[in-house]
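I opened this notebook to keep track of what I looked up, going from the overall fold to single side chains.

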Amino acid sequence: MIGVPYSWGGGGANGASYGIGRGAGIRGFGCSGLAEYAWVKAETRIGGDTSAQWRAGIRVSRSQLRAGNLASSPPTRRTRPPFTTS
């Protein structure tokens, strides 16, 4: 979101918030929080963390991705999946 700072662990369905850890003291959005906020505006609940968002989505092949899609790799215990919008 233009003009709103990145805040690790920040944001969610109700908008920007103070993050956690590295985001403590910064009011803004982390990746999952911004994704949740955008989807709530579209009247769709996807959850507020990476795992919930992964479970809420549908699986598509790479060739089916379109501009504006929210894309993720499966969450694991060792890594946090990257979220990107095209």
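Entry 1, overall layout. Reading from the N terminus, I find the elements in the order β-β-α-α-β-β, that is, 2 helices and 4 strands, where helices (H or I, at least four residues) and strands (E, at least two) are DSSP runs numbered from the N terminus. I note that this is a predicted model, in which local features need pLDDT of at least 70 and side-chain atom pairs count only at pLDDT 80 or more, while totals for chains, interfaces and linings use all residues. Residues are numbered from 1 along each chain as its sequence is written, and side-chain values use heavy atoms, with hydrogens and water left out.

Of the 86 residues in the chain, 24% are buried (under 20% relative accessible area, with exposed over 50% and partly exposed in between, for a 1.4 Å probe and protein chains only). The accessible surface of the chain is about 6,200 Å², and 54% of it belongs to carbon and sulfur atoms, with areas from the Shrake-Rupley method.

I looked up which residues of α1 (residues 31–41) are buried, and found Ser32, Gly33, Ala35, Glu36 and Tyr37. After α1 comes Glu43, which has a positive phi, near 60 degrees.

I find 1 aromatic pair in the structure (ring centres of Phe, Tyr or the six-membered ring of Trp within 6.5 Å; stacked if the planes are under 30 degrees apart, edge-to-face if over 60, tilted for the rest). Phe29 and Tyr37 form a tilted pair, because their planes meet at 45 degrees, with the ring centres 5.2 Å apart. Phe29 is buried at 6% relative accessibility, and Tyr37 is buried with a relative accessible area of 18%.

The charged end of Arg22 sits over the ring of Trp8, 4.9 Å from its centre, and Arg59 lies over the face of Trp54 at 4.5 Å from the ring centre.

Where does Gly9 lie? I place Gly9 in the segment before β1 (17–18), and list Gly9 as partly exposed, since its relative accessibility is 48%. Beyond its neighbours within four places in sequence, Gly9 is in contact (heavy atoms within 4.5 Å) with Gly19, Ile20 and Gly30. The C-alpha atoms of Gly9 and Ala24 are separated by 8.5 Å, at 15 residues apart along the chain.

Note on methods. Lys NZ or Arg CZ within 6 Å of the ring centre and 35° of its normal. Areas by Shrake-Rupley, 256 points an atom, 1.4 Å probe, with all protein chains shown as cover.
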